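Biologist: I'd like to learn how to read aromatic pairs, charges over rings and pockets in a model. Could you walk me through them?

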Amino acid sequence: MQTAAAPAEELEVRVIRKVTWRLFPFMIILTMVNFLDRVNVGYAALTMNKDLGIDPAVFGFAAGIFFLGYILFEVPSNVLMHRIGANIWLARIMFTWGLVSMGMAFVWNGTSLYVMRFLLGVAEAGFIPGMTLYILTWVPLRHRARLTAYWILATPFAGIIGGPLSGLLLQLDGTYGLRGWQWLFIAEGLPAVLLAFVTYFYLTAKPAKARWLQDDERLWLERTLRDEGEKTEARRKFSLGAALVNWRVLVLGFLYIGMNMGLSGINNWMPTIIKSLGTLSNLQVTSITAIPWICAAVAAILWGRRSDRRNERYVNLAIPLIVGAAGFAASAYVSSPLLGIVCLSVAVMGVIAGYTVFWVVPGTFLTGVAAAGGIALVNSMGNIGGFIAPFAIGWLRQETGSFSQALLVLACGMAAAGVIAFLIRPYRKEADVEVVAGQQPV
């Protein structure tokens, strides 16, 4: 349907609003399910480890081995999504990870847990970088940090909902002959399988196929994204191979190792860390875990808006990472449960605020298949940190009997990432591509 021409600013506001409300609520739901299936082993550990005779070192390795499977298949997964289409490939990822997640209910010892966690990583490979690439496909640069912050809300939302939900599922212990942690894996894996079919039909692969946009809206979005891509490529156009060896991509990968140490460490161990702070029941522990995630949700929105408003990424990435490192370091030395929750909340706020800015950076210099491969490589390298942190925490916990040294390791990883982000900032301001000169994000 043809529509009358609209003023540029009014048209932009209308398009971004439609894209936001059409895509991002569903993307948040999908990512919440993904996040919960990835980290629910941390909640299950409250009872599963004793049932299976698993010590902290074994559990830490099982939590981390997920990322080895993810690393091996991530780059080819993202390249295939770029060629096949987001709706098809993301639906495939969800269906397979949901089945594997449900299968986690039937592990019987440490070795079987290793195998299933590795397969879960293989099944999920490409989901997070695929969603990042999907945002690049739909969102102009000047709106990207703010809308990425909306998507990143899935992580704290999953923590807010997942903790209490997991605590309630653990209460089903003995129902129909299954342990509570088995019900947890089954109930939290099933939504991924069901949503895979919805994803196939609901997600629109690219703006050219968006029948829910009017003609002028669709043309504006295609033209804006195309112009941004051309301006980015005018600086330098990367082939897939060139992107995979580009110094900035590799440095971002190393930076992401430190970031991911913070996120994966707290994801898999937060319930156990909180339980160690006092004499709390499992239901109380899983409910308290929601507090840091609520704080992180607020931080994500405010920090994403700040980054877009200032049109700057690197310093706005470094600051929350340093703050998060301080939160982890402080939590290593407090003995009060209340102060422990406060420090962990600061740490999680720093991690999540950093993520809202971090995933904007690759799209400022990569386009097309180079973006698909580069983003996947960055995420693959970062997942090395996802493997190191849970394993190191488990080993240090077993060797020392406390979490203090483990929390300091997370602080060091985050601090190193923050320093790298600050050091690689452009010496002269390199603003994001702006198609409408001087326009502020709406």
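Modeller: Gladly! Keep in mind that this is a predicted model. Let's begin with the rings: the count of aromatic pairs comes to 21.

Biologist: How is a pair of aromatic rings described?

Modeller: Two quantities do it, the distance of the centres and the angle of the planes. Take Phe-26 and Tyr-202, whose centres are 4.9 Å apart with 55° between the planes, which makes the pair tilted. This pair links distant parts of the chain, since Phe-26 is in helix α1 (residues 8–52) and Tyr-202 in helix α8 (residues 180–202), 176 residues apart.

Biologist: Which pair is edge-to-face?

Modeller: One of them is Phe-59 with Trp-269: 5.2 Å centre to centre and 85° between the planes. Phe-59 lies in helix α2 and Trp-269 in helix α11 (residues 247–276), so the pair ties together parts 210 residues apart in sequence. Phe-59 counts as buried at 0% relative accessibility, and Trp-269 is buried with 3%.

Biologist: Which residues form an aromatic cluster?

Modeller: Phe-61, Tyr-114, Phe-387 and Phe-391 form one.

Biologist: And where do charges sit over rings?

Modeller: Tyr-202 comes back here: Arg-22 lies over its face, at 4.3 Å from the ring centre. Likewise, Arg-248 places its charged end over the ring of Phe-365, 5.0 Å from the centre.

Biologist: Which element gives the largest share, and how does the lining divide by class?

Modeller: The largest share comes from α9, with nine residues. By class, the lining of this pocket has 14 nonpolar, eight polar and eight charged residues.

Biologist: Let me finish with a single residue. Where is Ser-345, and what is in contact with it?

Modeller: Ser-345 is placed in helix α15 (residues 337–358). Its relative accessibility is 5%, so Ser-345 counts as buried. Setting aside neighbours within four places in sequence, Ser-345 is in contact with Ile-291, Pro-292 and Cys-295.

Notes
Residues are numbered from 1 along each chain as its sequence is written. This is a predicted model: local features need pLDDT of at least 70, side-chain atom pairs count only at pLDDT 80 or more; totals for chains, interfaces and linings use all residues. Side-chain values use heavy atoms; hydrogens and water are left out. Helices (H or I, at least four residues) and strands (E, at least two) are DSSP runs, numbered from the N terminus. Ala, Val, Leu, Ile, Met, Phe, Trp, Tyr, Cys and Pro count as nonpolar, Asp, Glu, Lys and Arg as charged, and the others, Gly among them, as polar. Buried means under 20% relative accessible area, exposed over 50%, partly exposed in between (1.4 Å probe, protein chains only). Contact means heavy atoms within 4.5 Å. Rings of Phe, Tyr and Trp (its six-membered ring) pair if their centres lie within 6.5 Å; planes under 30 degrees apart count as stacked, over 60 as edge-to-face and the rest as tilted. A charge sits over a ring if NZ of Lys or CZ of Arg is within 6 Å of the ring centre and within 35 degrees of the ring normal.
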